[in-house]
Amino acid sequence: MSKVIPGGMNRRGFVAGWLPGIFHRKPEREICGVRFRVIEHGFGAGRRYLVIHGDEDTARDVLTKHMQMATGRALIVTGKARHVQMRGLTIDPNRMYSKAGAEISLRALNPANAGRIPEVSRWLDGHREKLLRALTPGKGSRLFALHNNRNYSINDELAASDDVAQNQPAMPRHFFLCTDPRDFLILKQSPYNVVLQTKADPDDGSMSRLAARRGFRYINLECAIGDFDGQVERVRWLEAHLP
Ligand SMILES: [Zn+2]
């Protein structure tokens, strides 16, 4: 039982009030219609971590384990499906970071319910900024997102990229995508694949376009689903080499 201190606040509340963020775990939280497990350990130089696709179990497991050691804030989607249900419509949560991107995703995934898209889009407009605030890293810091793929590879990103280092041509499904040229210079020295994407347009609602528009550092790590050790290895390399 926690000790009650003068003023009616118990010791736990007192300590948490003085040391915000340190070993402060929140349970599930709904942000912009998506349920997340939020793990917050210390300040972590303003670092943010993200798993946004519920069907990418390897990424979820890797990040959950990583946050036992890493400091910063992680948002890990709790649903098991790739797409989320929002006000009765289906949307890809990795395309809802802008109005234009959300509407493209809503149109693609709800052909029988197109009449409701304007209403859901307006609802998103009123809630999106809360999610973007939760994901935006501290000044100069970075957002690191983990994904898994089944039939997608670095080859699908080459045309949209400003620069490419294919250090592991035999493993095209494993690659980093970054938005800051300085991060690219470091990641290209790794034994792993990496692409650089710095442009804000065309606006497809993805995080890389948003990061380019708002000017924060974003790194995405794609790995084949099921390769837990391979994803852990790359997360560790990044943490050891990127400021
Ligand atoms: Zn994904």
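F176, Y192 and W237 come together as one aromatic cluster. Rings of Phe, Tyr and Trp (its six-membered ring) pair here if their centres lie within 6.5 Å, with planes under 30 degrees apart called stacked, over 60 edge-to-face and the rest tilted. This is a predicted model, so local features need pLDDT of at least 70 and side-chain atom pairs count only at pLDDT 80 or more, while totals for chains, interfaces and linings use all residues. Residues are numbered from 1 along each chain as its sequence is written, and side-chain values use heavy atoms, leaving out hydrogens and water.

**Aromatic pairs**

- By the ring rule, the count comes to four aromatic pairs.
- One of them is Y152 with F175, a tilted pair at 5.8 Å centre to centre and 55° between the planes.
- Y152 sits in the loop between β7 and β8 (163-165) and F175 in strand β9 (residues 175-178), so the pair ties together parts 23 residues apart in sequence. Helices (H or I, at least four residues) and strands (E, at least two) are DSSP runs, numbered from the N terminus.
- Buried means under 20% relative accessible area, exposed over 50% and partly exposed in between (1.4 Å probe, protein chains only).

**W237 and helix α7**

- W237 belongs to helix α7 and is buried, with a relative accessible area of 15%.
- Not counting residues up to four places away in sequence, W237 touches I186, L187, Q189, S190, P191 and Y192. Contact means heavy atoms within 4.5 Å.
- Between the C-alpha atoms of W237 and L187 there are 9.0 Å, with the two residues 50 apart along the chain.
- Helix α7 (residues 228-241) has 14 residues and should span 20 Å at 1.5 Å a residue, which agrees with the 20 Å between its end C-alpha atoms. The expected span is 1.5 Å times one less than the number of residues.
- Besides W237, the buried residues of α7 include G230, Q231, V232, R234, V235, L238 and E239.
- Among the elements covering the buried residues of α7 are β3, α2, β7, β9, α5 (181-187) and β11 (217-224).

**Helix α2**

- In α2 the buried residues are T58, A59, R60, V62, L63 and H66.
- Their cover includes β3, β4 (72-77), β7 and α7.

**The zinc site**

- The zinc ion takes its protein donors from H53 (ND1), E56 (OE), E56 (OE) and H147 (ND1), at 2.0 to 2.5 Å. Donors are N, O and S atoms within 2.8 Å of the metal (3.2 Å for Na, K and Ca); water is not among the atoms, so sites may look incomplete.
- Along the sequence, the donor residues follow the spacing H-x2-E-x90-H.
- H53, in the loop between β3 (48-51) and α2 (57-66), and H147, in strand β7 (residues 142-149), link distant parts of the chain, 94 residues apart.
- Angles among the four donor atoms run from 55 to 142°, and the site is irregular. Four donors count as tetrahedral if all angles lie between 85 and 135 degrees; four count as square planar and six as octahedral if opposite donors are over 155 degrees apart and all others between 65 and 115; anything else is irregular.
- H53 is buried at 3% relative accessibility, and H147 is buried at 2%.

**Around H53**

- The side chain of H53 makes polar contacts with the side chains of E56 at 3.1 Å and D92 at 2.9 Å. A polar contact is a pair of N or O atoms within 3.5 Å; within protein, one must be able to donate a hydrogen and the other to accept it, and residues adjacent in sequence count only if both atoms are side-chain atoms.
- Leaving aside neighbours within four places in sequence, H53 is in contact with V77, A81, R82, D92, P93, N94 and H147.
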